[in-house]
Structures are given as structure tokens and as C-alpha cells.
Amino acid sequence: MATSFIVLLGPPGVGKGTQAKILAERTGLVHISSGDLFRENMKNQTELGKLAQSYMNKGELVPDDVTIAMIRDRLSRPDCGAGAILDGFPRTTAQADALTKMLADFGGDVDKVPYVTAPESALVARLSGRWTCRAKGHVFHEKNNPPMQAAVCDFDGSELYQRDDDKSDTVIRRIQIYLEQTAPLIAYYRQRGKLIEINGAQSIEEVAKSLLSALKN
Ligand code: AMP
């Protein structure tokens, strides 16, 4: 069976997580968020979680070897047989090379890389107004996408909280790290003919429509 591995690329705050959830619902592919996997490990106080926390709270990247091993383990589960939507991974060239190798081992390849863009000024505003649900990581924004009831998730009723790394100093550091370490992946995937540019400065539904039509073509 043909697989479909999609890498969502774009700066922090551009809406990758929100879009990945919508795409997963509409395509039936699994959504894999490296940030969610780290947060899950932090919540459960695993060794991996404790290690990741020290990097995440500073807005730094967790080391490649640890991150790659975590994603390899996740991708080897049976629910990824038809493919997956990867959100937040890869974030470095070494991770991108490792992804190509691991997918080749599973008989697949990265199919398409939608690159969602937005002006830098919008990113800081989006991240610092963001509220995340404790149970499942559903994401809201106090201005652009408010929950129906303040501080309560519309989908599962759990509490909404502000991620430590969504506070303003860390947000600026995350954007800087993105520009230094992750932005080179734009050229990396463009050279390989996989990159599709998507304007992220539109409504959530408009971005979702652009993404779905880009993935169909
Ligand atoms: P995110 O939820 O994607 O914004 O990720 C939150 C944080 O988790 C990042 O700022 C990093 O500290 C860590 N993280 C997530 N994905 C990766 C990755 N692919 N490589 C290294 N660190 C990551």
C-alpha cells in the first residue's frame, strides 16, 4: 500500500499544531507532534521527560539523538502503516537525514512538505496569546480562536494553561533557534522537490483548505 508521510514545516506560532490536527481528522493519517510527545513524557516524569524539560523550558532543541530515537519508536507503531503527519519533526538537517533513513527502513519516504509561513511579528502575538488544553493539547488563542468558556477546552472540558515556553522571553529564543537550525530545511526540501509554500496568515479554515488542496495535487 502507498504511504503518505507529510512533514509540516514552519516557525513556532504559525499554527502547525492546529493544522496538523485538522489534517489528521480529514485525511485519517496519524498526527505525530514531537513537542506533544515530549510534554507527555514530562507529565509522566519519565527519564526522557526530565531530560527534555531542561531544554524545552529554555526554548532550546532537545539533542538530535534523543529526539530521533523517540520519533523512530513512534513511527514503528502499526498506526503509522499508512503514513503520518509530522508536526515539529524534523527541526535540524541531521533529523531530516535520519527521517529519510528511517522511512526507507519502513518502506516509505517523505512525500510532501507544506511550509506554512507568516510574518515574524504575527508569531510572537500568536504564541503569547496561546492557551493549551491539559488533556489532549488542543490549542486556543485568546483573540484569534477563543474557547467558548474562558480557560476550559471546548473539546474535552479540561483546563487550559499557558505553556511555560509560550512566555515572551522563551518565545523570542524559540524563533531565533528556528531561524538558525530549522529554517535551513526549507532549502533542503525545496532542493528535493518536496516543498509546497502555504500562506499561514489566513484564517484557520482557509489555511486548512490550502493545505488539503496542496496535498491532493
Ligand atoms: P513544539 O510543541 O513543537 O513547539 O515543541 C516544544 C519544544 O519541544 C521545542 O521548543 C523543543 O524544546 C522541543 N522539541 C520539539 N520537537 C523537537 C525536535 N524535533 N527537536 C528538538 N527539540 C524538539
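Angles under 35 degrees count as roughly parallel, over 145 as roughly antiparallel, 65 to 115 as roughly perpendicular and the rest as oblique. The model is predicted, with local features needing pLDDT of at least 70 and side-chain atom pairs counting only at pLDDT 80 or more, while totals for chains, interfaces and linings use all residues. Residues are numbered from 1 along each chain as its sequence is written, and side-chain values use heavy atoms, with hydrogens and water left out.

Q: How are α2 and α4 oriented to each other: roughly parallel or roughly perpendicular?
A: Helices here are DSSP runs of H or I with at least four residues, and strands are runs of E with at least two, numbered from the N terminus. Axes are lines fitted to C-alpha atoms, for helices over the stretch in contact, and angles run from 0 to 180 degrees between N-to-C directions. Helix α2 (residues 34-43) packs with helix α4 (residues 64-75) at about 100 degrees, the axes lying 11 Å apart. The two helices are therefore roughly perpendicular.

Q: Which residues of α4 make the contact with α2?
A: Contact means heavy atoms within 4.5 Å. From α2, the contributors are S34, L37 and F38, and they meet, on α4, T67, M70, I71 and R74.

Q: Which residue of β3 is the bridge partner of H31?
A: Strand β3 (residues 83-87) runs parallel to β2 and is joined to β2 by four bridges. Within β3, the partner of H31 is I85.

Methods
Pairing = 2+ DSSP bridges.
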